[in-house]
Structures are given as C-alpha cells and as structure tokens.
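Take a moment with the sequence and the fold before reading on.

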Amino acid sequence: FLKEHLESHWFSIINSCVTVLLLTGFLTTILLRVLKNDFLKYSRSDAELGGPEEEDETGWKYLHGDVFRLPPHISLFSAMMGVGTQMFAIALFIFALALVGMFYPYNRGALLSACVVLYALTAGIAGYVSGTWFKMLGGHNWVANVMLTAVLWFGPVTAVFSYLNTVAIFYRSTAALPFGTIVIIIFLWSLITFPLTVLGGIAAKNSKAEFNAPCRTTKFPREVPPLPWYRTTIPQMAMAGFLPFSAIYIELYYIFASIWGYKVYTIYSVLFIVFIILVIVTAFVTVALTYFQLAVEDHRWWWRSFLCGGSTGFFIFGYCIYYYFYRSQMSGLMQTSFFFGYNALVCYAFLMMLGSIGFRASLVFVRHIYRAIKCE
C-alpha cells in the first residue's frame, strides 16, 4: 500500500483501541459492581436465613448444582476445542514469521505454504487439547475422539479443495494443482498430521488432567425457566459477534484487496495489533453474555459461550458476501467458487479459534464467581 494508506490503518487502530478500552472498562465496572452486590446479597441471606434453602432461590448462585453439568456431545465439543486451540497456535506462528520478515510481498504462495506446514506440525496440539478435554468430561471412546479431531478440519478442507480443483481443471486454469502435489499433501497428512494427532491423544489419555469443579453437580438438572426470544442462542450470537467484528472490519478491506485484488499488504504489525484487539474483545463480550445467561438461571452455557465467541466468523462471511457483490468485479463460476470456498474455510477456522477463546474466558469467570461463594 502507498504511504498515505498508512494513516487510515493507524486511524483504524486508534479507533479500535478506544473502542476496546471503553468496552472493557464499561464491562469491568458493571460486572464488578453487579458481582459485588450479588456477593453481599448472597452472604447476607446465608447469614440471616441460615442457608439458601430457606428463601426463594433465584439468581446465578442457585445454579451451583447445574452450572458445571457436562454439555451434550462431549466428543464434538472436545474436538472443536482442540482444533480451535491449534488454529490459535497457527495464527501466532504466522504472525511471528511475518513480523520477522519471512513473507515477501510478491510471493503470495509463501503464506499458504506456511499454513499447510504449520497445520501439519501443530496437529499434536489439537490431539492433546481434545484428548484432555475428552478425559476431563468423562469420555471413554478415545478412538472416535481422535478420529473426529483429525478430520474436523481436514475433512471440510478436502471437500472444498476437491470441488475447487475440479472446477479449475474444467476451466483449464493454472490454479489447478497437479497430481503430484496432491499426493504430497496426502502423504503429509498421513505421515505427519494424523500420527501427531494420535500421539497428542495418547499423551492426553495418560495425563492426570482433572476438571475439579468448585461445586458438586446435582443428580437431576434444574429446569430452565422460559426465556424471551432475545436471550436465545442466535440473538446472543448476533450480539456477541458484532462488537469484535466492528473492531476489525476496516482492516478486512485491505486484507481482501490484497488477497483477491492487485494490492500488496505488508503492515503485519498493524494486523497483529488488530488480532490482539479481536481476542480481547471476544473474551470480554463472551464473559459478559455468560453472566447475563446465568443471571436468568440458564445453566446451558458451555456450547453457548463457544458459539458466541466464534460468531465473529459468521460476520466475516457476511462481509465476504458484501465485498463480492459491492467491492469486487469478480464473476463466473470459477471466481465465485474460489472466493466463497476459501473464505468459508477461513471463517470456519475463526469460528473454532474464537469459540475456544470465548469458552476458556467464560470458564475462568464461572470458576471464579462460584469459588467465591459458599456452594453447599
């Protein structure tokens, strides 16, 4: 980009930083004041009434017997946590390589090659994290969990790539990969990625990881009261994804113009700052929505926090649709397929990466507030 474009980059950074500071300050102040009042109310009620059983049980404290109840589909949940953590590690490695000048502006294949190699080498992270969560959640079918972790990302990538390569061959495009390259990629997954995933799962199985919930879970689940429509999953995901997306949408235009246009993107330091802002905002927004969910006595926060954290991926895909129709001049089956195919995979990676971040932030928060009260 030209030098004058740098001013708009830094303007977006300043705008995003101000947004983050205001948002985090507001949420921190509100949550601290609300939680302080909650702690005082619950401690006063326990001291005056002799225990929570003698009063009308309402509020997040009285979910202590259900808040750590295991979520459904623990194998899928564990696999998505593992792959999301792997995507976060790949992003950090890519930024580290970019900041030290490993990617030349006009060598566009270097970034894709680095992503493929890093995915293969970091597969053990996905296997270990997935296996650890699967063990902590009481899973038993280890083979199915490892297989699910191995194909959760590689499966969609294979399906999309097969379609796009078929389209490229039909149009006789140079974008079609030769047969030899495809064989190399298959061998890379079979000999490096899959074995590392299995080794990570074995290491997790033999580890001594335990969940150690601060509260005992009751035998029968508490009934969730009727909730208004705006407290259901999809409206909550819309609210959770909008704020993180608003912090990065300015930078998205330059990234799209570089990947799908003729411009060159070299300001990786700015992009790294935007990425850190994205992670912080995602964590804070997910924690706030988790508290509001628990406050209305809805204890089904495990999957909700993951989906709310990863909902920014849907907003990014919405921006892809806007960019294709209103910013680009692409047309035809091949250009449309390549644009939406590759961008769908990127948004899928953001869904799992930010989802794992959102859930971890919510878990730290929930552990903290329930450890701070007497859960008997």
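**A walk from helix α2**

Leu 97 has its place in helix α2. Helices here are DSSP runs of H or I with at least four residues, strands are runs of E with at least two, and both are numbered from the N terminus. This is a predicted model, in which local features need pLDDT of at least 70, side-chain atom pairs count only at pLDDT 80 or more, and totals for chains, interfaces and linings use all residues. Residues are numbered from 1 along each chain as its sequence is written, and side-chain values use heavy atoms, with hydrogens and water left out.

Is Leu 97 buried or exposed, or partly exposed? Leu 97 counts as partly exposed, at 28% relative accessibility. Buried means under 20% relative accessible area, exposed means over 50%, and partly exposed is in between, with a 1.4 Å probe and protein chains only. Leaving aside neighbours within four places in sequence, Leu 97 is in contact with Met 102, Phe 103 and Leu 118. Contact means heavy atoms within 4.5 Å. Now look across to Phe 325. Leu 97 and Phe 325 are 228 residues apart in sequence. In space they are 33 Å apart, C-alpha to C-alpha.

Next, follow α2 to its helix partners. The axes of α2 and helix α4 (residues 123-136) come within 7 Å and cross at roughly 145 degrees. Axes are lines fitted to C-alpha atoms, for helices over the stretch in contact, and angles run from 0 to 180 degrees between N-to-C directions. The crossing of α2 and α4 is right-handed. A crossing is right-handed if the near helix is turned clockwise from the far one by less than a right angle, and left-handed if anticlockwise. On the α2 side, the residues that meet α4 include Ile 74, Ser 78, Met 81 and Thr 85. On the α4 side, Ile 125, Val 129 and Trp 133 are among them. By class, the contact of α2 with α4 has 11 nonpolar, 6 polar and no charged residues. Ala, Val, Leu, Ile, Met, Phe, Trp, Tyr, Cys and Pro count as nonpolar; Asp, Glu, Lys and Arg count as charged; the others, Gly among them, count as polar.

Helix α2 (residues 74-99) also packs with helix α9 (residues 302-310), at an angle of about 35 degrees and with the axes 12 Å apart. Here α2 passes α9 in a left-handed crossing. Leu 76, Phe 77, Met 80 and Met 81 in α2 meet Trp 302, Trp 303 and Phe 306 in α9. By class, this contact has 7 nonpolar, no polar and no charged residues.

Now turn to the charges. How many salt bridges does a search of the whole structure find? The search finds 4. A salt bridge is a side-chain nitrogen of Lys or Arg within 4 Å of a carboxyl oxygen of Asp or Glu. One of them joins the side chains of Arg 69 and Asp 66, at 2.7 Å from N to O. Asp 66 is buried, with a relative accessible area of 4%.

Another links Glu 297 and Arg 222, at 3.2 Å from N to O. Glu 297 lies in the loop between α8 (268-295) and α9, and Arg 222 in the loop between α6 (179-205) and α7 (233-259), so the pair ties together parts that are 75 residues apart in sequence. Glu 297 is buried at 16%, whereas Arg 222 is partly exposed at 23%. Glu 297 also has a phi near 65 degrees, a positive value in a residue other than glycine. Most residues other than glycine have a negative phi.

Asp 298 and Arg 300 form a salt bridge too, at 3.0 Å from N to O. Asp 298 is buried, with a relative accessible area of 1%. Arg 300 is partly exposed, with 49%. Salt bridges that share partners join Asp 298, Arg 300 and Arg 304 into one network.

Asn 212 is found in the loop between α6 and α7. Asn 212 has a positive phi of about 55 degrees although it is not a glycine. At 55% relative accessibility, Asn 212 counts as exposed. Asn 165 lies in helix α5 (residues 142-170) and is buried, with a relative accessible area of 9%. A polar atom of the Asn 165 side chain lies 2.8 Å from the backbone nitrogen of Leu 177. Leaving aside neighbours within four places in sequence, Asn 165 is in contact with Ala 175, Ala 176, Leu 177 and Ile 182.

Note on methods
A polar contact is a pair of N or O atoms within 3.5 Å; within protein, one must be able to donate a hydrogen and the other to accept it, and residues adjacent in sequence count only if both atoms are side-chain atoms.
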